[in-house]
Amino acid sequence: MRGFASDNYAGIHPEVLAALSVANEGHQVSYGDDVYTGRLQEIFRGHFGERAEAYPVFNGTGANVVGLQSMTQRWSAVICAETAHINVDEGGAPEKVAGLKLLSVPTPDGKLTPELIDRQAWGWGDEHRAQPTIVSITQSTELGTLYTVEEITAICAHAHQLGMRVHLDGARIANAAAALNVPLRAFTTDAGVDLLSFGGTKNGLMVGETIVVLNPDVVRGVKYLRKSAMQLASKMRFVSAQFIALLEGDLWLRNARHSNAMATRLYEAVRGVPGVTVTRQVQANAVFAIIPADVTERLQKHFRFYTWDEHTGEVRWMCSFDTTEEDVDAFTAALKEELAACSR
């Protein structure tokens, strides 16, 4: 079954599988002291600058929790959009595991601004309030929207002026760079981001994400926190080898450009269809729309996708590196057929 529920539904890119097969030859030192993880450090420095430090982990929640924990104290708070993954999709892990208070802000498009940050950026020195220490943004956002380089630069400058640091959840960072047509460092290192979570599984990897420290001066104990959070892989070469395959050449960019293009194709196919209301800007690899509830129910029997908002009927359609034009066309045809049946 082909679906549009999540880019995590996709398989492993063949080039990543081939890299895993090569990495499987012989013995390598465990827990990250292998040649693959050593090479990975060089690759991340090439993308993000000479001060970048990479810490592979198992998943995105682990990357976010350990990364945030390394920049905070037990009394710290993190300002984020209300729709942020750390706020609504990680089972409370930042609060339960890292011991952080999340201070969420409603946003119309999933994006923070300096003005929105100021709604929660107050109370320093007040022992009754968790202390705002971090601003966390997601690129591309959970609503499929993008921050421009200038917007992230402004957020970082504002946060730093207030004595806070900036974390970037980059579960779909490749899609953002592809859509903006800029290097990865343009909206991270060069914009002032202090630490990011680099996503791999949504862009063709089997398993693995990476904490990327961009400003080593503001973190502490990442390697110890990674271990205590159960995110240290004993056979780390197999995580690192995947990222090498993804990032050493242009595979990350090819995959992201393709998934973005398929989302654009889907948007163009459905935007004028009676009964479909596209609700968000389509800027990366996600399409959000409102369709009748009974159409959603029937369509989901043939194509997996998620209902984003039960109250409004808004749904989310995600495209991935292996989504084909035929997949999009078949889905669009089925959608039109169900809408026609509904109108009858």
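Colleague: Which element gives the most to the lining of the largest pocket?

Modeller: A pocket is an open set of points on a 1 Å grid over the protein atoms alone, with protein on both sides within 12 Å along at least five of seven lines; lining residues have an atom within 4 Å of a point. Here helix H3 gives the most, with three residues. Helices (H or I, at least four residues) and strands (E, at least two) are DSSP runs, numbered from the N terminus. This is a predicted model, where local features need pLDDT of at least 70 and side-chain atom pairs count only at pLDDT 80 or more, while totals for chains, interfaces and linings use all residues. Residues are numbered from 1 along each chain as its sequence is written, and side-chain values use heavy atoms, with hydrogens and water left out.

Colleague: What is the volume of the largest pocket, and which residues are closest to its centre?

Modeller: A volume is the space filled by probe spheres set on grid points, which are joined across faces, edges and corners. The largest pocket has about 460 Å³. Of its 23 lining residues, Asn8, His85, Ala171, Arg172 and Lys202 are the closest to the centre.

Colleague: Where do the side chains of strand S11 point, and are they buried or exposed?

Modeller: In a regular strand the side chains alternate between the two faces of the sheet. In S11, Glu314, Arg316 and Met318 point one way and Val315 and Trp317 the other, and all are buried. Buried means under 20% relative accessible area, exposed over 50%, and partly exposed in between (1.4 Å probe, protein chains only).

Colleague: Which way do S10 and S11 run?

Modeller: Two strands pair if DSSP finds at least two bridges between them. S10 and S11 run antiparallel, joined by three bridges, with Tyr306 opposite Arg316. Strand S9 (residues 286–290) is also antiparallel to S11, through five bridges, and Ile290 stands opposite Glu314. In the hairpin of S10 and S11, four residues lie between the strands, and Gly313 takes a positive phi near 85°.

Methods. 1 Å grid on protein atoms, 1.4 Å probe; cavity = no way out; pocket = protein on both sides within 12 Å on 5 of 7 lines; lining within 4 Å.
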